[in-house]
Amino acid sequence: MSRRLALNRPGKTNAIPMAIDRYNHREAEARWQKVWDERGIFVTPNKDLGRKYYVLEMFPYPSGRIHMGHVRNYTMGDVVARVKRALGFSVLHPMGWDAFGMPAENAAMERKVHPKIWTYENIAAMKAQLKSMGLSLDWSREIATCDPAYYKHQQKMFLDFLRAGMVERRQSAVNWDPVDQTVLANEQVIDGRGWRSGAVVEQRELTQWFFKITAFAQPLLDALDGLDRWPEKVRLMQKNWIGRSEGLSIRFALDQGMTSNGESEVKIFTTRPDTLFGAKFVAVAPDHPLAAAAAAKNEKLAAFIAECRHRGTAQAEIETAEKLGFDTGIKALHPFDPAWKLPVYVANFILMEYGTGAIFGCPAHDQRDLDFVNKYRLGNIPVVCPPDVDPKTFVVTDTAYDGDGRMINSRFLDGMTTAEAKEEVARRLEKTYLSPRAGRGRAPERSEGDRVTGTARESGRASTPPHPSPLPASGEREPVAQRQVNFRLRDWGISRQRYWGCPIPVVHCEVCGVVPVPEKDLPVTLPEDVTFDRPGNPLDRHPTWKRVACPQCGRPATRETDTMDTFVDSSWYFIRFTDPWTKTTPTDPAMVDAWMPVDQYIGGIEHAILHLLYSRFFTRAMKKTGHVGLDEPFAGLFTQGMVVHETYRNKKTDEWISPAEFQGIAAKPEVTDLGSGSILKLEDIEVGPVEKMSKSKRNTVDPDDIIAEYGADVARWFMLSDSPPERDVIWTEEGVKGAYRFAQRIWRLVQQAAPHLPLPGSSLALPVEQAGVTALRMQTHQALAGVTNEIERLKFNTAIAKIYTFVNILSEVVDDPNRNLTKDSGYAAAAREGFDILIQLISPMMPHLAEECWAALGHDSLVAQTPWPAVEPALLIEDTVTLPVQINGKKRADVTVSRNSVAADVETAVLALDAVKRALAGRPPKKVIIVPQRIVNVVA
RNA sequence: GCCCGUGUGGCGGAACUGGUAGACGCGCACGACUCAAAAUCGUGUUCCGAAAGGAGUGUGGGUUCGAUUCCCUCCACGGGCACCA
């Protein structure tokens, strides 16, 4: 298989004509994978852990094939795992499958293949692909979330959470496709229409299950500060997502003559009570009870509310839609002036989920409100004057001012700062009570079973679950306003009207209501005889599955047919990995203690909020129910960037062209027949922007093809070498080829050097004082220290740059005509050390090639089982330092001084430099700044 | 719309805490080897300029002896937005 190449090195005295093998990755990679596998060196038993290290990459959805994003993710994790193993840690590095989810059902509909069969075939295919990557995974711990042996425990925990009061059932809106009569995911709603039927989507209320994550809003927020090995941006995103805001809830009395059912008040939430005198309107959500009440006697309003429901539930869609409102005719009375009446609108941008589902609009100081009043011609009054602006001339037209300033047009608040005004309004309204006339009657409070957001009080109970504040019983006095902490975070709706997910283990009985499935009956497994010939949930229409006897009374009852959100599956898999073998309990708490937390978690930035926040919540819920002993599952987090690629488009047909096709055309620029009879020339192709690899743009590269052509090591190397790991990496053919050449170069160098190196182990007896020898050893140890440090910081690209530099040095060593390895035994011993360390440095990234080189260098051991080399600190210290010398901040010269020079010596040396003398022209310098070991700046 | 990032040669990028901008790689050019090509090796490669020198890290401003790094403004591109995973 391998070609023999004669390598001639003219002009080099030590050019030894020798036969050099080309590295054959196809043969070598399979061979070393077999060796690792047979010796089981990556299996980590649950005993004698010593120092532990848990490195985990986000497990994949088994879509059928791995993509380059996986290659990047798993390579990074594997480098960490291999280095930590070499450093003596017991390393937990498992892999599994996030195996429930919609694509399996789509495949069932499109290709008539059962989700289970489709999923397990995909798992088999992807596992083979992962194995071909040479990852140091402990496959003995493999789990698939669709396995009843896994979801059984999830059902058990659902019941535990239910018992602990952390689960709730309530109404919530879903995307409803009125033609297909089915619930749609947000991604199945395209431009407000169902992806298959094309029908306009509506919101429909269903009773669904919720995990009460809002009860943990405050602890989840507080603990972010302690996650010091998480990217700052992820912590910030989570903080904003939780969205704690302090404000005031204010009851606005309603003008009695105007309401239809005698509603007496509307409660709003605001973070800007200071702007109360700038109020121009009150707006409520379309599903606010007051809106419904008003609509009952107003057909046009009812039509408007119905219109608001004709859209999906996605936030982005709601907020980018045109801001629309409808005047209910109801008037609200200003809390400081009952004679001041504000119109009450129903507005499509007010969310029932947030705050109280009602706001007051202050257009001058909120852009959304301003857009609204400008549309409905309600005008605005500025009440906060920006600093350095004359209050007399300050007007707002198109741009709201949302900053701080001095209060104007605000009666008793005038002249106060924003903060003072907030406080003053709160203080006054807390002590005010609605007049008895306005305080009677049914208030537009939430109805039973309505969802609740975090509305904990300021009184230190902010972390307790929020409660809807029921109307005070008659006689009880509630002030007009109360200080309130509000969270943007909503409870986690986990119900999915789908088949391929973990069944929710409850039974609905007409007599007993909702009854948990007894634990002895777990797992509730999915029936296999289901059909996907029509839309809707196959569990719901299955002839027998849902019919069961009530566990309590024995009467005929029905199973819950909703399954769990797949985010539930992925919220605890990392804990299950610590002991995936326990059959009776979700975890073995002793093993959780031993392995958790995950020391380094690696995955895509797209999971920055949902998956990570849910997992943080779930871990806390598991702690509360006794399954784990810790709060935070991930001590270290790293979010990698995407793999992107150029796009290619056929200008004539407007079709996308794959990179492989483009390469073919570029190689044969004249004409290329794509097989379909169409002939394409290079100039017919437009090279488009670099974008995330996607099937729709056809700009994907198949890892299988790359591994077959260049080898897993090359794919791994390129994934790490070209870009900082947190940023996107552009996949280029040139880059891969460069990595391939590098692999060959290493192999060539090792073969050239190996015959001339002393036996392994002899580097210990190095003559330290020999000049050239010490220089080489210093370069070796600097490379070792540098690369090790960069890997620990996960800066793989700079680690690789340092390896390149070191290889360039070793190339010179091999080729150096004056330093013949065959004759200078001390130098040869230093070279032996250099090569051994080089191979160890590349081994985490290119493990197969490293084993091959390690053997070629005469070692009997596996490099994968060799301890990481130790740096000799003495070899890192240079005797002299070269400092750049700046004159007025521009570099003009260098000065080399002894490492121990004091500032005065450095100054003398610097002032003696020609460039400095010229610049000073005889005058003394104004200033000389000396930063030790760094730089000198002379201010002339 | 809201939240979060990113922006440095022809390209990917480097520059630890404010201290030599462009490490390392790709590409390109020239040279060596070759009948030739590939592979390999060597030299060069931010821009302007013959040179001296000057300019330069998306834009415009600020702080500093010194700014890719800190602050403000604007522009461009990307990620997330709760039923994709």
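In this predicted model, the axes of helix 3, which covers residues 102–111, and helix 4, which covers residues 115–132, come within 8 Å of each other and cross at roughly 115 degrees. Since angles of 65 to 115 degrees count as roughly perpendicular, helix 3 and helix 4 are therefore described as roughly perpendicular to each other. The handedness of the crossing between helix 3 and helix 4 is right-handed. On the side of helix 3, the residues that take part are Pro103, Ala104, Ala107, Ala108 and Arg111, and these meet Pro115, Trp118 and Thr119 in helix 4. Sorted by class, the contact of helix 3 with helix 4 comprises six nonpolar residues, one polar residue and one charged residue.

A second pair to examine is helix 1, residues 25–39, together with helix 26, residues 847–856, whose axes come within 9 Å and cross at roughly 85 degrees. That angle lies in the range from 65 to 115 degrees, and helix 1 and helix 26 are therefore roughly perpendicular to each other. Helix 1 contributes Ala28, Glu29, Arg31, Trp32, Gln33 and Trp36 to the contact, while helix 26 contributes Pro847, His848, Glu851, Glu852 and Ala855. The contact of helix 1 with helix 26 has, by class, five nonpolar, two polar and four charged residues.

Divided by class, the residues of the contact between helix 7 and helix 18 are six nonpolar, one polar and one charged.

What does the side chain of aspartate 78 make a polar contact with? The partner is the side chain of arginine 716, at 2.7 Å. When neighbours within four places in sequence are left aside, aspartate 78 is in contact with Glu57, His93, Gly134, Leu135, Ser136 and Arg716.

Helix 22, residues 733–753, holds glycine 738, and glycine 735 also has its place in helix 22. Is glycine 735 buried or exposed? With a relative accessible area of 16%, glycine 735 is buried, whereas glycine 738, with a relative accessible area of 22%, is partly exposed; the cut-off that matters for these two assignments is 20%. The C-alpha atom of glycine 738 is separated by 9.0 Å from that of valine 714, which is 24 residues away along the chain. Glycine 735 and arginine 82, in turn, are 653 residues apart in sequence, and their C-alpha atoms are 24 Å apart in space.

The view can finally be widened to the chain as a whole. The secondary structure of chain A comprises 28 helices and 39 strands, and the C-alpha trace spans about 110 × 90 × 65 Å along its principal axes. Of the 940 residues of chain A, 54% count as buried. Among the contacts in chain A with a separation of 6 or more, 72% are accounted for by residues 24 or more positions apart.

Methods. Residues are numbered from 1 along each chain as its sequence is written. Chains are lettered from A and ligands numbered from 1 in the order in which they are written. This is a predicted model: local features need pLDDT of at least 70, side-chain atom pairs count only at pLDDT 80 or more; totals for chains, interfaces and linings use all residues. Side-chain values use heavy atoms; hydrogens and water are left out. Axes are lines fitted to C-alpha atoms, for helices over the stretch in contact, and angles run from 0 to 180 degrees between N-to-C directions. Helices (H or I, at least four residues) and strands (E, at least two) are DSSP runs, numbered from the N terminus. Angles under 35 degrees count as roughly parallel, over 145 as roughly antiparallel, 65 to 115 as roughly perpendicular and the rest as oblique. A crossing is left-handed if the near helix is turned anticlockwise from the far one by less than a right angle, and right-handed if clockwise. Contact means heavy atoms within 4.5 Å. Ala, Val, Leu, Ile, Met, Phe, Trp, Tyr, Cys and Pro count as nonpolar, Asp, Glu, Lys and Arg as charged, and the others, Gly among them, as polar. A polar contact is a pair of N or O atoms within 3.5 Å; within protein, one must be able to donate a hydrogen and the other to accept it, and residues adjacent in sequence count only if both atoms are side-chain atoms. Buried means under 20% relative accessible area, exposed over 50%, partly exposed in between (1.4 Å probe, protein chains only).
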